[in-house]
Structure formats: structure tokens, C-alpha cells
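Here is a short briefing for a reader new to this structure. Take a look at the model first, then go through the points below.

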Amino acid sequence: MKRLASDLCGRASGYKRGCRCDDCRRAHADVTAAQTRNRLIRAAADPSLIPHGTQTGYINWRCRCEECAAANRAQRSPDADARPSNGHRPWTDDERAMAMQDRPVREIAAELGRTYNAVLAMRYQMRHRSAPTTALQEAS
């Protein structure tokens, strides 16, 4: 028989099932803290357990060696050099028109040298600028 989330309330398993009450949050935090303490104790006793040169070593095992720190940086922004960076330069009218074209956003972003989210944001702004006014809005 499957247990309901309400049956597990106040336990870490309740949190895993989606309950976010204070008791479940506290229970989950306690279990996670105990796991972290256990992992750090094991690492102190046997440093060979730490997977050096990985993001796991940096985050889960709290290793701050240069290899683990470099792996964490690389995982957090793997294509940082390849991503467009335009320093928030203003949009031109031609770029705005291109952003509104009926083409895939990724394709437009690559063509403009802007990020996917920047093109989405511009589309959102342009739609709301050119939204037709209703009779109710005109009367006020």
C-alpha cells in the first residue's frame, strides 16, 4: 500500500514527496546535515575517498584544492568563453525587428550575438509595447 504524503509529514521522506511544511523542511535539513558530517568525517579519515578534480569533490566533499575548484568553475560555466557577451549594449531598430521574426529564438540569438534570454526579453517587451489598447483603456 502506498503511503500518502500526509502520513510522512514531519519526516525527511515527507519533504522528498513534496511537503514543504516547517517540520518536513527541518527534518530534511537535519538528514542532509548528518550526511554531510558523515562524509566529512570519512574524508578526514581517508582522503583518498574524495574524487579530486570533480565538481562533486568541491561541493559534496568540500575539497578546496585547485583541481576541485577548477572543476567546479568549469562545470558552472562550461561555455563562458563561447557565450555572447555584449556588455548590455543598446538594441538597434534592426535588431528589434529581427528579434520579432517568426524564426527559432536560438537562431536569432546566434545571428545577433546575443543570448537566448535577451532575445526572449526583447520579444516580450516589443509585444507589450505594441499591444492594442482596449476601449476601456482609452476612456481612462
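Helices here are DSSP runs of H or I with at least four residues, and strands are runs of E with at least two. By that rule, the protein has eight helices and zero strands. Keep in mind that this is a predicted model.

**Overall build**
- From the N terminus on, the elements run α-α-α-α-α-α-α-α.
- The protein has 140 residues, and 21% of them count as buried.
- Among contacts with a separation of 6 or more, 17% join residues 24 or more positions apart.

**Aromatic rings**
- Zero aromatic pairs turn up in a search of the whole structure.
- Two arginines do have their charged ends over rings: R106 sits over the ring of Y116, and R114 sits over the ring of W91.
- The charged end of R106 is 4.5 Å from the centre of the Y116 ring.
- For R114 and the W91 ring, that distance is 4.1 Å.

**A look at Q55**
- Q55 belongs to helix 3, which covers residues 55-59.
- Is Q55 buried, partly exposed or exposed? Its relative accessibility is 25%, so Q55 counts as partly exposed. Buried would mean under 20%, and exposed over 50%.
- Beyond its neighbours within four places in sequence, Q55 is in contact with A71, N72, Q75 and R76.
- With N72, the side chain of Q55 makes a polar contact of 3.0 Å.
- A74 is 19 residues from Q55 in sequence. Their C-alpha atoms are 8.6 Å apart in space.

Notes. Residues numbered from 1 in each chain as written. Predicted model: local features only at pLDDT ≥ 70, side-chain atom pairs only at ≥ 80, totals over all residues. Heavy atoms only, no water. Buried < 20%, exposed > 50% of the residue type's maximum accessible area, 1.4 Å probe, protein only. Contact = heavy atoms within 4.5 Å. Phe/Tyr/Trp six-rings, centres within 6.5 Å; stacked < 30°, edge-to-face > 60°. Lys NZ or Arg CZ within 6 Å of the ring centre and 35° of its normal. Polar contact = N/O pair within 3.5 Å; in protein donor to acceptor, adjacent residues only side chain to side chain.
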